[in-house]
Amino acid sequence: MADLEASNEPDGTTGAGVPDGTEETAAAPAAAAAPTAESRGSRAQPKTDKSEATRALILETAMRLFQERGYEKTTMRAIATEAGVSVGNAYYYFAAKEFLIQGFYDRMTYDHAADARNRMAHTRDFAERLEIALVSWLDTAAPYHEFAAQFFRTAADPTSSLSPFSNESHPARATAVALFRDVLQGSDLAPKLDAELVELLPDVLWLHLMVVVLYWVFDRTEETERTREFVRRSTPMAARVINLSRYRVFRPIVRDAKGLIQDFILPTIGKTAIK
């Protein structure tokens, strides 16, 4: 297993001689030498099924060790050893331990979108669809809650490329926004709303999810029941506010809200900003 995918590694990334606790800084530059900026870190796009399997194995091993030992105490060397690959091979797929966060975010966003679409397939009520999408995220993320505070601390840094608001996080964010577009457009409410508002709302609904995520990270109630109650109570309120926007008397407020969203909110969300 130690030589798995050795043909895909750039020269000098065997990880030999790198002491524990220092491999994050010592091995990463060598691993970064060959792949392009587009293919490094969690954005690596392996060309073979075997490469993809190796990458998935490293990520799954890392998630298990983060749960067992905590994020800070888990080194790249430990992840590589548990996965049965060389340290250099691990760095080939993830340029640093922090990039595992992005890999986790990508995979969980994909799993969440698939699960939510399946759950809401048989209802067109907007409030129900929105609540289903939010609860689906909580269920998908539940296994990782124990180390969430450590895990999301890096991603929460607004200057980090791993922030969910960064350009680097655009692929995963686009997946999530597309889900909320389906939440709205597959509902009985969408045809009744202003077309411009329908275009903007998916990003706003994703921001609502980010509020839920932040609350969830610090929720220490059993089964994160407080976060789930927050979703149950806030979702009907959000649905009512959106529903009211279709009435003529509220149109001036809707126009003001659209202006605020376009001018102040969307420009902070990486590549989804309106030019």
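1. **Overall make-up.** The protein has 12 helices and zero strands. Helices here are DSSP runs of H or I with at least four residues, strands are runs of E with at least two, and numbering starts at the N terminus. Read from the N terminus, the order of elements is α-α-α-α-α-α-α-α-α-α-α-α.

2. **What kind of model this is.** This is a predicted model, in which local features need pLDDT of at least 70 and side-chain atom pairs count only at pLDDT 80 or more, while totals for chains, interfaces and linings use all residues. Residues are numbered from 1 along each chain as its sequence is written, and side-chain values use heavy atoms, with hydrogens and water left out.

3. **Burial and surface.** The protein has 275 residues, and 48% of them count as buried. Buried means under 20% relative accessible area, exposed means over 50%, and partly exposed lies in between (1.4 Å probe, protein chains only). The accessible surface is about 14000 Å², and carbon and sulfur atoms hold 55% of that. These areas come from the Shrake-Rupley method with a 1.4 Å probe; for residues, only the protein chains shown count as cover.

4. **Contacts along the chain.** Take the contacts between residues at least 6 apart in sequence: 73% of them join residues at least 24 apart. Contact means heavy atoms within 4.5 Å.

5. **How to read helix pairs.** Two packed helices are described by the angle between their axes and by the distance between the axes. Axes are lines fitted to C-alpha atoms, for helices over the stretch in contact, and angles run from 0 to 180 degrees between N-to-C directions. Angles under 35 degrees count as roughly parallel, over 145 as roughly antiparallel, 65 to 115 as roughly perpendicular, and the rest as oblique. A crossing is right-handed if the near helix is turned clockwise from the far one by less than a right angle, and left-handed if anticlockwise.

6. **H3 and H4.** Start with helix H3 (residues 49-69) and helix H4 (residues 76-83): their axes come within 9 Å and cross at roughly 120°. H3 is therefore oblique to H4. The crossing of the two is right-handed. On the H3 side, the contact uses Leu57, Ile58, Thr61, Ala62, Arg64, Leu65, Phe66 and Arg69; on the H4 side, Ala78, Ile79, Glu82 and Ala83. By class, that gives eight nonpolar, one polar and three charged residues. Nonpolar covers Ala, Val, Leu, Ile, Met, Phe, Trp, Tyr, Cys and Pro; charged covers Asp, Glu, Lys and Arg; the others, Gly among them, are polar.

7. **H4 and its end.** Which residues of H4 are buried? They are Met76, Ala78, Ile79, Ala80 and Ala83. Just after H4 comes Gly84, with a positive phi of about 80°.

8. **H7 and H11.** Helix H7 (residues 126-141) packs on helix H11 (residues 225-244) at an angle of about 150°, and the axes are 9 Å apart. So H7 is roughly antiparallel to H11. Their crossing is right-handed. H7 contributes Phe126, Ala127, Leu130, Glu131, Leu134, Val135, Leu138 and Asp139 to the contact, while H11 contributes Thr227, Arg228, Val231, Arg232, Thr235, Ala238, Ala239 and Ile242. The classes are 10 nonpolar, two polar and four charged residues.

9. **H10 and H11.** H11 also packs with H10, at an angle of about 160° and with the axes 10 Å apart. That makes H10 roughly antiparallel to H11. This crossing is right-handed. Leu201, Leu205, His208, Val211, Val212, Tyr215 and Trp216 of H10 meet Arg226, Thr227, Phe230, Val231, Ser234 and Ile242 of H11. The count by class is nine nonpolar, three polar and one charged.

10. **The loop between H10 and H11.** Most residues other than glycine have a negative phi. Check Glu223, which sits in the loop between helix H10 (195-217) and H11. Glu223 is not a glycine, yet its phi is positive, about 55°. Thr224 is in the loop between H10 and H11 too, and its phi is positive at about 45°, again without being a glycine. Are these two buried or exposed? Glu223 counts as exposed, at 62% relative accessibility. Thr224 counts as buried, at 8%.

11. **Ala190.** This residue lies in the loop between helix H9 (170-185) and H10. Ala190 counts as buried because its relative accessibility is 11%. Leaving out residues up to four places away in sequence, Ala190 touches Leu184, Gln185 and Val198. Ala190 and Arg246 are 56 residues apart along the chain, and their C-alpha atoms are separated by 9.8 Å.
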